[in-house]
Amino acid sequence: MSVSVFIVSSMVLYSIACVAYVYRWRGQARYASFKQYLRKSWPVFAPLNCLLYMATQAWAREPVLNADYLQNIAVLRDNWQLIRDEALALQATGAFDDIKTPGSAGYYDVGFRTFYKRGWSKFYLTWYGTHHRSAQRLCPKTVALLSQIPQVRGAMFSILPAGSELSLHADPMASSLRYHLGLSTPNSAKCYINVDGEHCIWLDGRDFVFDETYPHYAHNGTDAARLILMCDVERPMRLVGRIFNLLYRFIIRGTVVPNSAEDKRGIFSALFAMIAPLRQKTLHLRSTHRRLYKTLKLILNTSLVILLLIIFLTFFSLFEHLLLK
């Protein structure tokens, strides 16, 4: 067996092992089926995520953490009412509704697009080094406060309407952890997020951190909307994990989504916006010719996997040839 074949085979086996670990053994919560896991948990990222799990500090491997480890977090806690007032003023302008309107600048969001149909909405404040002009204009005090927390990588306001819910899912990338600060909430046990089986109730002025790559779901069983500050914050990791995480941050920065036309759009978000019309056609095909849709989807996914293997095998073969030359 050549070195290139050995390397590619090892990568394939490692990837399979990572998918199996995340699906079957990581944490306590389980998906109803492997099919649901494939739909709700972004298994393509499992091999990279597992490297970051191994590099995460032992004390930070729990599904839910106390936010005290975040430097200067008291700045947000002490000023939660100021942040709330800006968020409520923003809500009054209709900005949250505008963003989730099909065709708007902020609608094509590859990371959160599926939540819109359940009424959920958001407004970006900052995203991995990219500043939103709309946020600086409409929420200047909140943006200034966030700049004082060095471990905040991205931030947004998020609304979960009365009677709404988000089904069991896991976010794709383990580059960070998720911080929630209650701003205007029902302050009720009926409004909560469940992370790997652990209930967290949203309360005004109270915060917590959780690992969004664990299966989680949210439910607002009250007659009032839930408004929070939601941030991507630093995942506590050893040096090797922090170095590897630089790649992830480059990818995530390309997913930046504008709130309005005055904001920048990342390269991956731009690509998603371009193919969104095609995606709508495929959804129509799924509803009218489901068997054909599944066949074409299987062919496409299989072809992409084969193409990826060919690319890796070619790369390592050329590398091996140059070493032996």
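## Cavities and sheet of a predicted model

Helix H3 (residues 46-55) gives the largest share of the lining of the second largest cavity, 3 residues. This is a predicted model, where local features need pLDDT of at least 70, side-chain atom pairs count only at pLDDT 80 or more, and totals for chains, interfaces and linings use all residues. Residues are numbered from 1 along each chain as its sequence is written, and side-chain values use heavy atoms, without hydrogens and water.

Helices (H or I, at least four residues) and strands (E, at least two) are DSSP runs. A cavity is a set of points on a 1 Å grid where a 1.4 Å probe fits but cannot get out; lining residues have an atom within 4 Å of a point. Volume is the space filled by probe spheres set on the points.

The whole structure holds 3 cavities of 30 Å³ or more. Two compare as follows.

Leu166, His180, Ile193, His216 and Met230 are the lining residues closest to the centre of the largest cavity. Lining residues of the second largest cavity include Trp42, Tyr53 and Asp171.

The open sheet has 7 strands, ordered E1-E9-E6-E11-E4-E2-E3, with antiparallel pairing. Strands pair if DSSP finds at least two bridges between them. Strands E1 (64-65) and E3 (130-131) are at the edges with a single partner strand each, so one side of each lacks a neighbour in the sheet. E1 pairs with strand E9 (residues 207-210) over 2 bridges. Leu65 has Val209 in E9 as its bridge partner.

Key: On a 1 Å grid over the protein atoms alone, a cavity is a set of points where a 1.4 Å probe fits but cannot get out, and a pocket is an open set with protein on both sides within 12 Å along at least five of seven lines; lining residues have an atom within 4 Å of a point.
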